[in-house]
Amino acid sequence: MRARFVTHSVGDISAAVPTGKRLQPAASVHIFVLILIAPFAYPASGVTLQDVLRTTLERNPAILEAKAALEQAAGQRLVFRSIVWPDFDVAVPAGVQYGHRAGESGVKGFAVGRGNLEQTLFNMAVPPSLRRGDIEVLIAQQQLNVAVVEQLHAARLAFYAALYNRSLESIRDEQLQKLEENVATQKNRFEAGLADRSAFTSATIQADELVPQMETAQRACREAQLNLAQAMGIDPAKSSLPEPDGELGFAPIELDVGAETAAALQRRVDLKLARLFVRAANEDQRIIAADYYPRIAGSIHGEWVPVSGIHRQESTSKTQDFIGSEVREKAAYTWRVIDNGKVGGAVLRARAAREENELTCRKLESNVSRELSRIANDVQAVAAREKSIASASAAAEESARTVRENVATGLISPLEYRVSQTAFLKTKSGLLEAVYQHNVAVAEWDRATGRYFQFSYETRRPGSEADK
């Protein structure tokens, strides 16, 4: 299920959130990959599943882009939090004063130091702005987490697909060798006059029919390797495609849908991201609505003049309007009373975005139980199918071996040999497919229960209001 969330850009709430003024320390993110992997026996060369996951985490373009977005989130946090910090500016005008006025003459140089400090004393937007700034960093973190889960899962599926198609190609290649041996046998019998041409022709056709199937499996294997390279951040034009090591294995598992549903609701990163979007939309609405409440700001203006005897430009007497050092304090009170936010629709649009995000989040949460139940049913069905096909494959292999021994002596017709080999190939391929589907279902279970990934962040004390 693809979720769609509504967000407000910084420009949508620019009236309530001024520009940033102080940099906050970015959150540090620690990533732990928690993968449940079926047992594999790996040769010394090629890439293992652990290698694939590690390389994907380090070099995948989508993950690297999400990491860069997390670093940029600190700047976005400034925009929301800046409303609480004071605004301070300094100016130093300088020049010369000359002329004759009331007996005063000569040229005097002067400089004036001016400073202004403005601090928000009361603003309803301050608390939601502080929370919204923290949520912005958490959203970037969770978007990184979601990207990690998606890319690791895609890499894992590509790894399994490459193993499956390579094994399928190997099975059909082995079967083709047996069919080519039968073609040679029938050719010798035909040349010796012990069989007619139809037996030789039938054996040749049977072998030729297997070639397109091998080519299909080979193409599928190369496609899976290409997907694996893309997930690992490998450029196929500059490097060879990764060759996966190992064979697909089957390990029965017991699944508890009820317990795993409760755990998945707590640890799945896409659900955490959905809840953060709801919280962000709620704070956006509060920030916009706060613009229609009273605001009080205090300011201090000071001037420092390092010389004396400097008159203001508009003065008419040398004893009046001297420029001197001074400090002035004042407070400004503003209250917008014409528009309460509903006339222009800003508050209503923010509320609609929040409600849409809440609905999307609830849909995702309610879908967890159904998704886990479906995957659990798939795992059980694949396990039953694997058990059934394993017995059929053993019987078909024994039958094919017996028929193969007797076809060379002419005791069994080529048609019977063709039927037995076709049945053996079908059951063996079906068994491999069942094992592959089992591994894919286990990977889907790990994704749906949130086992791929866990994260920790250090932005505030545990138990603070923003963590709730």
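Keep in mind that the model is predicted.

## The sheet

Let's start with the strands. Four of them make up an open sheet, ordered S2-S5-S6-S7, and the pairing is antiparallel. At the edges sit strand S2 (87-91) and strand S7 (326-334), each of which pairs on one side only. From one strand to the next, the twist averages 15°.

| Strand pair | Bridges | Direction |
|---|---|---|
| S2 and S5 (residues 113-123) | Five bridges | antiparallel |
| S5 and S6 (residues 295-304) | 10 bridges | antiparallel |
| S6 and S7 | Nine bridges | antiparallel |

Asp87 has Glu118 in S5 as its bridge partner. Gln119 stands opposite Gly298 in S6. Glu303, in turn, stands opposite Glu326 in S7.

Leu117 and His301 are 184 residues apart in sequence, yet their C-alpha atoms are 6.5 Å apart in space.

## Two helix pairs

Now for the helices. Two packed helices are described by the angle between their axes and the distance between those axes.

Take helix H1 (residues 49-59) and helix H2 (residues 61-81). Their axes are 6 Å apart and the helices pack at an angle of about 45°. H1 and H2 are therefore oblique to each other. On the H1 side, the contact is made by Thr56, Leu57, Glu58 and Arg59, while H2 brings Pro61, Ile63, Leu64 and Lys67. Sorted by type, the residues of this contact are four nonpolar, one polar and three charged.

The other pair is helix H5 (residues 257-267) with H6, whose axes come within 6 Å and cross at roughly 50°. H5 and H6 are therefore oblique to each other. In this contact, Ala264, Leu265, Gln266 and Arg267 of H5 meet Val269, Leu271, Lys272 and Arg275 of H6. The contact of H5 with H6 divides into four nonpolar, one polar and three charged residues.

In soluble globular proteins, nonpolar side chains tend to be buried together. In this model, the largest nonpolar core has 48 residues, and the ones that touch the most other members are Val52, Ile139 and Phe159. The elements giving two or more residues to this core are H1, H2, helix H3 (126-191), helix H4 (197-231), helix H6 (269-290) and helix H8 (414-448). Which helix gives the most to this core? That is H3, with 20 residues.

Zooming in on Ile139, and leaving aside neighbours within four places in sequence, you'll find contacts with Arg132, Leu273, Leu276, Phe277 and Ala280. There is also a second, separate core of 14 residues, which includes Leu364, Leu372, Ala376 and Ala448.

Gln175 is found in helix H3. With a relative accessible area of 3%, under the 20% cut-off, Gln175 is buried. Apart from neighbours within four places in sequence, Gln175 is in contact with Leu210, Gln421, Phe424 and Leu425. Gln175 and Gln421 are 246 residues apart along the chain, and their C-alpha atoms are separated by 7.9 Å.

Ser429 lies in helix H8. Why does Ser429 count as buried? Its relative accessibility is 12%, and buried means under 20%. Again leaving aside neighbours within four places in sequence, Ser429 is in contact with Leu168 and Ile171.

Methods
Residues numbered from 1 in each chain as written. Predicted model: local features only at pLDDT ≥ 70, side-chain atom pairs only at ≥ 80, totals over all residues. Heavy atoms only, no water. Axes fitted to C-alpha atoms, helices over the stretch in contact; angles between N-to-C directions. Helix = DSSP H or I, 4+ residues; strand = E, 2+ residues; numbered from the N terminus. Parallel < 35°, antiparallel > 145°, perpendicular 65-115°, else oblique. Contact = heavy atoms within 4.5 Å. Nonpolar A, V, L, I, M, F, W, Y, C, P; charged D, E, K, R; others polar. Pairing = 2+ DSSP bridges. Core = buried A, V, L, I, M, F, W, Y, C linked by side-chain atoms within 4.5 Å. Buried < 20%, exposed > 50% of the residue type's maximum accessible area, 1.4 Å probe, protein only.
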